[in-house]
Amino acid sequence: MIWTVLPALFIVGLAVASQTVWPQIKDPDQFPGDALQLGVEASQFEWNVRYPGPDGELGTNDDFTTRNQLHVPVRRPVVVHLTSADVIHSFFIPSFRIKQDAVPGMEGVRVWFEATDAGEYPLACAELCGLGHYRMRASVIVHPEGEHESWMAEQR
Ligand SMILES: [Cu+2]
């Protein structure tokens, strides 16, 4: 009885204590308002990242893309709009403790993070998505203060 009841109470306690944290991570209404909006489309077997063009709006004709590279600024929230072109993939950045499935046909899947240190971090697919799954590996490049702006301008 003790081995069952005590862990059960402990788990319920954890669930109650984390009630406010989960929506901060998962509820789009609670995402930071000033975030940079990026699109990430997973496909067999690569990541295509879409950035807003000169008009600053994501999803318009002047957007530009990078393949297997996710360029973000340091200390600024980033919202990733996640889609899949074919099968279920999983957007996984271990260093940021971020993992989110990308499901074909499902729009509106979003995930957000804020990188606190500049540098390069691995991005991987965490869902067995086919024979080339192992090479579905990319980089998150976190630009130091001010440098992301000039990188964006250069790409545009
Ligand atoms: Cu995949």
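Me: In this predicted model, what does "exposed" mean?
Reply: A residue is called exposed if its relative accessible area is over 50%, and buried if that area is under 20%.

Me: Which residues of α3 are buried, and what makes them lie on the same side of the helix?
Reply: Helix α3, residues 147–155, has H148, W151 and M152 as its buried residues. They span an arc of only 100 degrees around the axis, and therefore they lie on the same side of α3. Among the elements that cover them are β1 (36–43), β4 (69–73) and β10 (137–143).

Me: Why is the pair of W47 and F91 called edge-to-face?
Reply: The ring centres are 5.8 Å apart, and the limit for a pair is 6.5 Å. W47 belongs to strand β2 (residues 46–51) and F91 to strand β6 (residues 89–93), so the pair ties together parts 44 residues apart in sequence.

Me: Why is the pair of Y51 and F64 called stacked?
Reply: Their ring centres are 4.9 Å apart and their planes stand at 10 degrees, so the pair is stacked, given that the class requires planes under 30 degrees apart. Both Y51 and F64 are buried, and together with W151 they form one aromatic cluster.

Me: How do you know that the charged end of K99 sits over the ring of F92?
Reply: The charged end of K99 is 4.6 Å from the ring centre of F92, and the distance criterion is within 6 Å. The criterion also asks for a position within 35 degrees of the ring normal.

Terms used. Residues numbered from 1 in each chain as written. Predicted model: local features only at pLDDT ≥ 70, side-chain atom pairs only at ≥ 80, totals over all residues. Heavy atoms only, no water. Phe/Tyr/Trp six-rings, centres within 6.5 Å; stacked < 30°, edge-to-face > 60°. Helix = DSSP H or I, 4+ residues; strand = E, 2+ residues; numbered from the N terminus. Buried < 20%, exposed > 50% of the residue type's maximum accessible area, 1.4 Å probe, protein only. Arc of directions from axis to C-beta. Contact = heavy atoms within 4.5 Å.
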